[in-house]
Amino acid sequence: MFGEDDLVKSHQERADIILNIIVVCFAILLARLWYLQIYHGKMFFNYSLENRLRKDVVRAPRGMIFSRNNVLLTHNVPRFDAIITPQYLEGDDETIPYLAKILEMPADSIIKTLKKYQGQAKYLPVVVKKNISRREVAIIETESSKLPGVSVETFISREYTDKDTGAHLLGYISEISQEKLPRLRERDKYDYKQGDFIGQGGIEQQYDLEIRGEDGYQFMEVDARGRARRHVTSDDLYSGIDNKPPIPGKNVRLTIDRDVQLAAYHALEGKDGSAIAIDVESGEIIAMVSLPAYDPANFSTGLSSNYWGSLVMDDKRPLRDRSIQEHYSPGSTFKPLTAIAALEEGIVDENTKVVCNGGYRMGGRVFHCWKKEGHGVVDVVRALKESCDVYFYSIGNKIDIDVIYKYATLFGMGQRSGIILPRETSGLIPNQEWKKKRTGVEWQKGETLSCVIGQSFVNVTPLQLAMFYATMANEGKLWRPHVVKEVFSNSGQVLKRVEPELIHQFKISRKTMDLVHEALFNTANAQGGTAGASKGVGIQMSAKTGTAQVISFSADKIFNKCENQEYKYRNNGLFAAYAPAGNPKIAVSVVVEHGCHGASAGGPVAKAMISAYMNKYYPSYQKKIMAQENSKMTWQQIVEDNRLNPVPMIQETDTKDYYDETGKLIRSFTLEKAGQVQTGPLE
Amino acid sequence: MFNFREELKRYDYSFFGICSAIFIIGILNLYSATHSQGIGPEEGLYKTQLVWFFLSWVIGIFVSFIQPKNFFRLAYPGYLISVVLLAMVLVVGHSALGGQRWIGFGPLKFQPSELTKIAMVLVLARWYSKASPEQEIGFRELIIPFTMTFIPAIMIIIQPDLGTGMLVMLIFFMITFYRKLKWKTITIIAVFAMIGATVVYNFGLRDYQKKRITTFIDPEFDAKGSGYNAIQSKIAIGSGQFFGKGFRRSSQGALNYLPENHTDFIFAIFNEEHGFVGSVFLIALYLALFYRLLWLASNVNKIFDSVVVVGVLAIFFCHTMINMGMVSGLMPIVGVPLPLMSYGGSNLLTFGICCGVVTSISNARNLF
């Protein structure tokens, strides 16, 4: 390859051009570096100082939930965990036993915990003991020189004054899981961050966006390892740094009365079921209890996964709010509806009489009355009072199921009430069309007979049952049930007020109403009434019991003693009432799962709620009732007495001051009006 | 026949020497950039990098003892192997940072696109030395070398690794320019490239690639999003001022404001810690390397050797310029490492082999 050397030389021109390109490129680069480092160096240096600041999230305190009289039901409590940062842990042989002594726990378990997290980075703290006492906090902090690597971490725990008493109603909060984060952001159009807590169930969930407030941020100067050194304020070295204080969540005032709620809870304790009290004139819910329940505080103190798991696995499903998320056969508590429908449609009147001999034959099948030997001759008032099934079978034989459907719907059954709480179920009131659509089979006449006594397809939620009795009490006004009275800011300003809302109003004839009122009064008060046993001192109520089968028994087992059945086959006991009979203010419904009898299982609960409510809010009327306690007045006498000696039914207790769970005054609105906004506890 | 003492006497130490000097700066810088972050996954990276360095230098020095005529022989098989490896990456590769660039050999992961750069240099040098050397290159002569470049380039781009793909094309143009590409052809290509770039931008780029270009034009537009890297990088460089903040005093990288600070943005950390003075010194080292390469290209006696040296220069220069350009905000951000400074085994190996190749050519120069 002779001469190739020269050929290489002939490329010299191009080589020179390349050299020039390289030189020009680096000249531009150096000019750029000069521009950045020297011309604008000072400016960028200041920027880099700003970058030494870390933006820390300052969590907004979650809004608080108060009862109708401003008793704090839910509050935020600072709690402490003892933590070890393995990176800084020195002298294990002395430190760990010493810490164990302070925390009163075996040193082995601390070592075990540390071993468990051996795999993770050594600068990540490990929680050794959760929720330590203030005394332990104080010792750890004063002895910190002997405890290298041990520190105390503060967290805010969401706690509930009455623990599980209002678990379902109030809900709980839990950390948003990684998987749910994007979906929730989409749903709520809210920028949830990792580690954020969100309300689950009840008020905490339903009003989450109002209660949660808005997190702020605080600039922290950090060292080279990203550890916080100090808070930074705008007047420090760094100009133009703005911290954003968190906006506290809004507070919620419920319609719930804590005393009535506690009364219901204690009366129902140990049983499974639901108890509801509702204001007859507004739809405000006074008490709402579902059992079995859970302690909602356990979710925010970090026991969540185990605790939640055990709740989910529990056969009794304690997470479910039986008041609105579960429906039951109303049994005999449904009979007033059948009576009203039949009276209004002219199928029966006050004179219609039926002979009950313990059974009703239709189409070759015998429908049994609960009373084997029969009730004899009964009219509508006695049929309701003694809960005679045969009387209602005879109505069922004549009435169209669609008529029952029409009236039940008017009273709010078979549809969601529209209460602002999560996952309400609608219950079920059947009609012909529904059955055809659902099963493809025409409605059978025999099915109407079961439905009119509140069995078969008829299912209502405890809330609907309470609404039904409230609507009977106020004679045709169906109020939208609600649990929240107001949403208000920390300075006490009302931001949102929930006004009573009438869903609809309908007319029931005077005569029908009088018959039903009298019958239900007799049920609770007269000789032979099924709810008579529940009549307590100072309680004037109209009521109806119900006993609903949870499975169908064969004819030979129907009259077996309920208590001898296996628990899960026992009948549900129901009790619904309104009080005071002559001037109704409150309607209650109680469902006791497998409680066998409405009167014995549900009666005491209803009585406890009515007593607590009436004595608290209508003491003058109660005085009158107590005075008449032994006179055994009939329904007509009570109506007459109320007409002649009316007692003004005005609520006498209505405080605007706030009390904590122990009854200590924490904020007085009288003070606030005088211009002294008090945010902390009053001493 | 092989006299080791003779070999060592005429051994050209300049390339490995300059490259080692840059690497020493690089490893100290990498230690500074990663170590100051305390305990984290990046802490031991400089050790890994040292292992790669010794491996690359052993291979590079081994390559430097191969006669240049063997590079000539290896050109076509090497090219075929690299194309096959690229195809394998597309089928069975590992994903890293949303791209499929890696291929595993047991515990080792390797980026075949790195090997492609060297294979391209050799195959183009061989092709261009075959044609009559006086002949200038026009469109007709471009068809085959362009096709040879375009096939691997497009395979790299769809991995997707736009940066390396473009780099391969740039190396191709630099080599072809040296091999006397006609000025007329250059002008026409430039015009079409501009039109082509507009079309590709509008229809051919992935969203993140487009974003990088728009944020290059206005980084403040989306400071926390894709413009974040660009701004943080500029802050890092600028805050170094004249003398820098000092070794291990970088705050941008240490506080993780600057992501990928140990790979593509290592130059920013270097500037922050050593300032304008430091970068002038570093750039001088790179310039010395380029100048030495260009000198060698003009002082060998085979056209193949000359083109290979220019090719190696192209590899070094394009990496250096694009990386420094993007880190200092002169160019959009594309993932191109800084030779001998950025963390990464595959590219260190590439540069080691490159040094071996040019050293071999330089050593052979004195043999008549």
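Reply: A residue is called buried if 20 or more other C-beta atoms lie within 10 Å of its own, exposed if 12 or fewer, and partly exposed in between, with the C-beta atoms placed from the backbone. By that criterion, buried residues make up 41% of the 683 residues in chain A. This is a predicted model, in which local features need pLDDT of at least 70 and side-chain atom pairs count only at pLDDT 80 or more, while totals for chains, interfaces and linings use all residues. Residues are numbered from 1 along each chain as its sequence is written, and chains are lettered from A and ligands numbered from 1 in the order in which they are written.

Me: How many helices and strands does chain A have?
Reply: Chain A comes to 24 helices and 25 strands, where helices (H or I, at least four residues) and strands (E, at least two) are DSSP runs, numbered from the N terminus.

Me: Which strands form the open sheet, and in what order?
Reply: In chain A the order is β12-β11-β23-β22-β21, 5 strands with antiparallel pairing, and two strands count as paired if DSSP finds at least two bridges between them. The edge strands are β12 (285-291) and β21 (542-548), each of which pairs on one side only. From one strand to the next the twist averages 5°, with axes being lines fitted to C-alpha atoms, for helices over the stretch in contact, and angles running from 0 to 180 degrees between N-to-C directions.

Me: What packs on that sheet?
Reply: Helix α11 (residues 258-268) of chain A touches β11 (273-279) and β12, its direction making about 30° with that of β12(A); contact here requires that the C-beta atoms of two residues, placed from the backbone, lie within 7 Å. Helix α19 (residues 462-473) of chain A also packs on the sheet, touching β11, β22 and β23 (586-592), and its direction makes about 150° with that of β23(A).

Me: And how many bridges join β21(A) and β22?
Reply: Those strands pair in the antiparallel sense over 7 bridges, with β22 covering residues 572-579 of chain A; within this pairing, A:Ser542 has A:Tyr578 as its bridge partner.

Me: Changing topic, is α13 of chain A buried or exposed?
Reply: Helix α13 (residues 335-344) of chain A has 9 of its 10 residues buried, so it is largely enclosed by the rest of the structure. The buried residues include A:Leu337, A:Ile340 and A:Leu343, and just after the helix A:Gly346 takes a positive phi of about 75°.

Me: Over to chain B, then: how do α6 and α7 cross?
Reply: The axes of helix α6 (residues 139-157) and helix α7 (residues 162-178) of chain B come within 7 Å and cross at roughly 165°. That makes α6(B) roughly antiparallel to α7(B), on a scale where angles under 35 degrees count as roughly parallel, over 145 as roughly antiparallel, 65 to 115 as roughly perpendicular and the rest as oblique. The crossing of α6(B) and α7(B) is right-handed, a crossing being left-handed if the near helix is turned anticlockwise from the far one by less than a right angle, and right-handed if clockwise.

Me: What about α3 and α13 in chain B?
Reply: Helix α3 (residues 45-64) and helix α13 (residues 345-365) of chain B pack at an angle of about 25°, with their axes 7 Å apart, and α3(B) and α13(B) are therefore roughly parallel to each other. Their crossing is right-handed, and among the residues that meet are B:Trp52 and B:Phe53 in α3(B) and B:Leu348 and B:Leu349 in α13(B).
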